[in-house]
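This briefing is a first walk through the structure shown below. Keep the sequence and the 3D view side by side as you read.

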Amino acid sequence: MISYIGRFHPLFVHLPIGFIAFWLFLEFIAIFRKSDYSNVKSLLILLSALSSIAASVLGYFLSLKTGEYDANILDEHKWQGIWLSVILTIIYFLYTFLKDKKYFNYGYYPSLIVVFILLNVTGHHGGSLTHGSDYLAFSQIKDGEKEAKIEIKDINQAVVFTDLVQPIFKQKCISCHNTEKMKGELLMDTYEHLMKGGESGAVIIATNSAQSELIKLINLEPIEERAMPPKGKVPLTNDEKAVLTWWIHAGATKDKKVAELNPNAAMTMILAKFAGSGNSAHSESIPELPEVSEADVKSVEEIKVKGINIVKIAQNTNMLDVRCIINKQNWNDQKTETLLKIKEQLYILDLSGTVITNKSLASIGKLKSLQTLFLQSTQLNDDNFEALKELENLESLNLYNTQITDKSVETLSQLKKLKKLYVWQTKMTEKGIEQLQKNLPALQIVGEKKYINS
Ligand code: HEC
């Protein structure tokens with residue numbers, strides 16, 4: 001209850017500010033126009049003092065809810081508010097009893113200057129508490145953008161925490177989890193603070209992403225109350241979530257580089273997007289998307305219950321990102337066939353690690369809108385692989401850890417838009433890869449020798 005009353009402090013503080021400003025204003029006018037306003041002077045000073053005391057009390061209640069504000073600024077603000085109230089009260093009594101004395105004005109006018117300065121300082125600190133200390137700074141760059149732009153030249157040499165994880169936090173979390181606004185008592189500015197956790201203890205449990213509070217909260221639907229970042233803020237992209245999850249899973253290290261944490265093929269693919277101009281990775285740039293009507297809601301629901309995640313790849317498009325993430329052992333060829341119902345919208349498909357066989361290729365070959373396809377760690381071999389040659393929009397294909405051989409080089413060579421292909425730990429030979437590279441010179445092939453063409 002008390003901290004609830006305290007919430008009216010930010011509203012209530014405008015009363016003393018108003019009274020004091022009005023009083024000083026009249027005093028100022030009085031000096032120049034030699035006019036007299038003594039009939040309301042006493043009342044104005046009284047109101048200034050009383051409202052200031054009330055605002056201080058409310059402010060004190062609010063401050064009891066610890067953790068929300070920067071402790072140093074809060075302490076200064078508190079004492080400034082108290083001093084202002086004390087000084088106003090003294091001025092009121094001195095005015096009441098001594099105003100007719102000759103020497104009164106010698107003390108009175110200097111005290112007005114003190115009140116004026118103290119009012120401004122207190123107000124400024126109060127503003128810093130609610131809006132952050134750079135609220136009035138000229139630069140309009142918000143916290144997130146300031147240092148988030150890190151150029152990553154070689155993703156393998158990037159330090160996972162400083163080059164990938166921290167920029168995400170800086171862009172999307174630090175505005176509320178900094179030294180001035182410690183929401184949930186969680187500071188996210190340094191590695192040490194982050195690992196220390198918040199009001200409910202550690203939020204990161206190294207190697208156990210599933211048990212880590214931070215991962216739980218970023219995976220909540222944005223409408224849920226505890227979701228991070230909260231509703232209305234720019235949410236994390238799937239790639240950003242994947243990076244954070246992977247980093248924790250791999251031990252939440254401070255200094256380790258990407259290569260030292262052995263990302264698997266799927267993760268390598270995601271990490272690759274963070275390389276280069278740095279910034280594009282975080283906004284997950286999506287090239288011109290085909291304009292299609294919305295997928296049939298009933299079909300989407302029907303397919304979802306078979307055990308696959310379906311989400312729109314972005315807010316302003318109908319294209320879909322479809323991934324089989326849990327119960328991969330239950331996803332088989334019949335289920336793949338059902339995906340044809342959303343073939344126009346299917347843009348990203350992840351069937352990695354499922355139990356599909358080459359029969360699925362017939363259906364997958366008809367998903368002509370596909371841009372990204374993950375088929376790694378499945379039983380697939382060359383049989384019927386030519387069905388995929390129809391995927392004229394495919395830009396990225398992952399065949400890591402499958403039984404594909406050089407026989408499929410011909411089919412792959414027909415995927416003219418293909419930009420990236422992952423074929424390590426397949427049966428494809430160096431010769432086959434060379435041939436493919438000759439046919440598609442712009443293709444980046446990730447084989448046993450990484451980035452042959454980069
Ligand atoms: C708009 C402000 C805001 C932003 C942005 C924000 N948070 Fe929070 N966060 C909060 C508030 C408020 C709480 C406290 C919620 C509560 O106590 O229920 C909190 C609490 C948390 C907690 C729980 C701390 C604890 O120990 O209970 C975690 C973890 C967290 N945030 C992570 C994040 C991450 C990760 C991001 C960025 C992706 C983020 N937050 C962005 C406001 C924010």
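Ser377 sits in the loop that runs between β4 (372-374) and β5 (396-398). The model is predicted. Ser377 is not a glycine, yet its phi is positive, at about 55°. With a relative accessible area of 30%, Ser377 is partly exposed.

**The iron site**

- Two residues coordinate the iron atom of the ligand: His177 through NE2 and Met228 through SD.
- The iron atom has 6 donor atoms, and the angles among them span 85 to 179°.
- The site is octahedral.
- His177 belongs to the loop between α8 (160-172) and α9 (191-196), and Met228 to the loop between α10 (213-218) and α11 (238-249), so the pair ties together parts that lie 51 residues apart in sequence.
- His177 is buried, because its relative accessible area is 9% and the cut-off for buried is under 20%.
- Met228 has 32% relative accessibility and counts as partly exposed.

**The shell around the ligand**

- The ligand has 21 residues around it.
- Those that come nearest are Cys173, Cys176, His177, Glu199 and Met228.
- By type, the shell holds 12 nonpolar, 5 polar and 4 charged residues.
- Which element gives the most to this shell? Helix α10 does, with 3 residues.
- His177 also has a side-chain N or O atom 2.8 Å from a nitrogen atom of the ligand.
- Glu199 has a side-chain N or O atom 2.7 Å from an oxygen atom of the ligand.
- For Ser200, the distance from a side-chain N or O atom to an oxygen atom of the ligand is 2.9 Å.

- The peptide bond from Met228 to Pro229 is cis, with omega near -10°.
- Pro229 lies in the loop between α10 and α11, the loop that also holds Met228.
- Glu185 is in the loop between α8 and α9, the loop that also holds His177.
- Glu185 has a positive phi of about 55°, although it is not a glycine.
- Glu185 counts as partly exposed, at 34% relative accessibility.

**Helix α8**

- Lys172 is part of helix α8.
- Lys172 is a charged residue, and it is buried, with a relative accessible area of 13%.
- A polar atom of the Lys172 side chain lies 2.9 Å from the backbone oxygen of Pro235.
- Ile168 is in helix α8 too.
- Ile168 is buried, and its relative accessible area is 0%.
- From C-alpha to C-alpha, Ile168 and Trp79 are 37 Å apart in space.
- In sequence, Ile168 and Trp79 are 89 residues apart.

**Helix α12**

- How many of the 8 residues of helix α12 are buried? The count is 7, and the helix, residues 265-272, is mostly covered.
- The buried residues are Ala265, Met267, Thr268, Met269, Ile270, Leu271 and Ala272.
- What do the buried residues of α12 pack against? Their partners are α8, α11, β4, β5 and β6 (420-422).

**Strand β2**

- Asp321 has its place in strand β2, which covers residues 320-323.
- Asp321 counts as buried, at 5% relative accessibility.
- The side chains of Asp321 and Arg323 are joined by a polar contact of 2.7 Å.
- Leaving aside residues up to four places away in sequence, Asp321 touches Asn238, Asn309, Ile310, Val311, Ile313 and Ile348.

**To take away**

- Ser377 and Glu185 are both non-glycine residues with a positive phi of about 55°.

How values were computed:
Residues numbered from 1 in each chain as written. Predicted model: local features only at pLDDT ≥ 70, side-chain atom pairs only at ≥ 80, totals over all residues. Heavy atoms only, no water. Donors = N, O, S within 2.8 Å, 3.2 Å for Na, K, Ca; no water. Tetrahedral: all angles 85-135°; square planar, octahedral: opposite > 155°, others 65-115°. Helix = DSSP H or I, 4+ residues; strand = E, 2+ residues; numbered from the N terminus. Buried < 20%, exposed > 50% of the residue type's maximum accessible area, 1.4 Å probe, protein only. Polar contact = N/O pair within 3.5 Å; in protein donor to acceptor, adjacent residues only side chain to side chain. Contact = heavy atoms within 4.5 Å. Near = heavy atom within 4 Å.
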